[in-house]
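Hi,

Here is the structure I said I would pass on.

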Amino acid sequence: MAKPKVYVTRRIPDAGLDLLRKECEVEVSPHDRPLTRREFLDAIQGRDGVVCLLTDKVDAEAFEAAAGVKGFANFAVGFDNLDVPEATRRRIPLSNTPDVLTDATADMAWALLFAAARRVVESDGVNRSGSWKGWGPLQFIGGDVTGATLGIVGAGRIGAAMAAKSVGFRMKVLYTDARRNEALEKAVGARFVPFEELLAQSDFVSVHVPLMPETRHLFTYDTFRKMKKTAYLVNTARGPVLAEDDLVRALKDGLIAGAGLDVYEREPALAEGLASLPNVVITPHTASATVSSRNGMALKAAANVIAMVKGQKAPDCLNPEVYT
Ligand code: DGY
């Protein structure tokens, strides 16, 4: 019997491809870049399943192009690139890759927090340039982490992991979310507070909400005005949660002390002026880029699409209603 045909829109780690190839006829995009819209729509035609990326917009047009497809497995935990209600209406299963990147992403949020607060990238640059003239009492003074207040915006898996890792730094943890996370309160003594209170009291605000209509531009110039002037912002969630041009303006106006960002509003473009600010650390959406996370994501995406093409329930299905 012919194997189901699966298309992978960009090369993923071999762990996932090897698993896929055992059960499916697999074609991987030959380009090591995001597909253009036209390339994507052409490539998914006639496939039984697709492994897609956060850079692929999977919407009504994609479902039309991939007529007969048995499902799309997103190689990411975030799924704002997928039109879930439209897929559900068409009874097309979708999946994501939860859990395997929780710690890696929270670790990266910590890396950005420290790098911004302790001016790691800025001072490294000065040292490399050969312009450091020796130790000085007023050089590269940054913010204290130990004993500071950490504000977690979105206390799901990754936000809670970020909070849990604060214990060694004896931090006070505040959090805000649509609902309370009692496990987090018990684990680290985190206090559930309104968003405005979190902004006013936190020395570090770390963003972990998914991108949804309610969270798009949750942070604007006005929001930064409510933060401490000495506070730092960290974002490893999704870029459009911040109005990035407002963030640049807020940093230039000194409304906050600095920022550590892994995600951007118009990826891969950066807001004008962002890259020339000395008090930001800007990594290129690499929070999940560890060996075990990326292998885990590949294995999950493969297992999900294999289940879909076999007509079985995908383990990480986002719209299980399609199976009823
Ligand atoms: C995700 O999985 O949503 C990250 O942004 C990329 O790993």
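How many aromatic pairs does a search of the whole structure find? It comes up with eight. Bear in mind that this is a predicted model.

One of those pairs is F195 with F219: the ring centres are 5.5 Å apart and the planes sit at 90 degrees, so it counts as edge-to-face. F195 belongs to helix α9 (residues 195-201), while F219 is in the loop between β9 (204-207) and α10 (221-225), so the pair ties together parts that are 24 residues apart in sequence. Both F195 and F219 are buried. Elsewhere, W110, F114 and F169 are linked into a cluster by ring pairs.

Is S166 buried or exposed? Its relative accessibility is 2%, so it counts as buried. Leaving out residues up to four places away in sequence, S166 touches W110, L150, M171 and V173.

Now the ligand. Around it you'll find L54, A76, V77, G78, L101, R238, H285, S288 and M297. By class, that shell has five nonpolar, three polar and one charged residues. Taken alone, the ligand exposes 230 Å², and the protein buries 91% of that.

Cheers

Methods. Residues are numbered from 1 along each chain as its sequence is written. This is a predicted model: local features need pLDDT of at least 70, side-chain atom pairs count only at pLDDT 80 or more; totals for chains, interfaces and linings use all residues. Side-chain values use heavy atoms; hydrogens and water are left out. Buried means under 20% relative accessible area, exposed over 50%, partly exposed in between (1.4 Å probe, protein chains only). Contact means heavy atoms within 4.5 Å. A residue is near a molecule or strand if one of its heavy atoms lies within 4 Å of it. Accessible areas come from the Shrake-Rupley method with a 1.4 Å probe; for residues, only the protein chains shown count as cover. Ala, Val, Leu, Ile, Met, Phe, Trp, Tyr, Cys and Pro count as nonpolar, Asp, Glu, Lys and Arg as charged, and the others, Gly among them, as polar. Rings of Phe, Tyr and Trp (its six-membered ring) pair if their centres lie within 6.5 Å; planes under 30 degrees apart count as stacked, over 60 as edge-to-face and the rest as tilted. Helices (H or I, at least four residues) and strands (E, at least two) are DSSP runs, numbered from the N terminus.
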